[in-house]
Amino acid sequence: MGESSQRAYSYRDLALARIVNDTFEGRPLVLSLNGTSASTAVYDRTVDGEVLTFGPAEDLSQMIDLETESVWSQSSGKAVSGPLEGTRLGSVHAFTSFWFSWRDFYTETEVYEP
């Protein structure tokens, strides 16, 4: 990603979905909102050349991939059970900011639409 490329995700959209699968600039991403701690994380959802699709798990601090049904920790990006147990997703640089502050400095930010 270039320095001028940004995409913003609303906290409300993340809170409603808990897990968002997206692709930005050709990179498959999964964004998660931990239902226990309300923290967010962003990971590359490609594992061994395969793009995984994630959904919320029963445990609010976990997510599950639909392809292998492995269960993943939202906070670490590591599979905690299933065929991919022990595998770790690549983390993606991201941070949380208030939109009113962000848009003043990054006026060209693309806003995610579910």
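The legends below describe close-up views of a predicted model.

**Figure 1. An open sheet is formed by four strands.**
The strands follow the order β7-β8-β9-β10, and their pairing is antiparallel. At the edges stand β7, which covers residues 54-56, and β10, which covers residues 79-81. Each of these edge strands pairs on one side only. On average, neighbouring strands of the sheet are turned by 40° against each other, direction ignored.

**Figure 2. Strands β8 and β9 are joined by three bridges.**
Strand β8 comprises residues 62-65 and strand β9 comprises residues 71-73. The two strands run antiparallel. Which residue of β9 stands opposite Ile64? The residue in that place is Val71.

Is Asp22 buried or exposed? With a relative accessible area of 12%, Asp22 is buried, because the limit for a buried residue is under 20%. The side chain of Asp22 is joined to the side chain of Tyr9 by a polar contact of 2.6 Å. When residues up to four places away in sequence are not counted, Asp22 touches Arg7, Tyr9, Arg27, Pro28, Leu29, Arg45 and Tyr112.

Asp13 and Glu113 are 100 residues apart in sequence, yet their C-alpha atoms are 8.6 Å apart in space. Asp13 also touches Tyr112 and Pro114, where residues up to four places away in sequence are left out of the count.

**Figure 3. The largest nonpolar core has twelve residues in all.**
Its members are Ile19, Val30, Ala41, Tyr43, Val47, Leu52, Phe54, Met63, Trp72, Ala79, Leu84 and Leu89. Which residues does Phe54 touch, not counting residues up to four places away in sequence? Phe54 touches Ile19, Asn21, Val30, Arg45, Met63, Ile64, Asp65, Trp72 and Leu89. Another core, of nine residues, lies apart from the largest one. Among the residues of this other core are Leu14, Leu29, Leu31 and Leu33.

Terms used:
Residues numbered from 1 in each chain as written. Predicted model: local features only at pLDDT ≥ 70, side-chain atom pairs only at ≥ 80, totals over all residues. Heavy atoms only, no water. Pairing = 2+ DSSP bridges. Axes fitted to C-alpha atoms, helices over the stretch in contact; angles between N-to-C directions. Buried < 20%, exposed > 50% of the residue type's maximum accessible area, 1.4 Å probe, protein only. Polar contact = N/O pair within 3.5 Å; in protein donor to acceptor, adjacent residues only side chain to side chain. Contact = heavy atoms within 4.5 Å. Core = buried A, V, L, I, M, F, W, Y, C linked by side-chain atoms within 4.5 Å.
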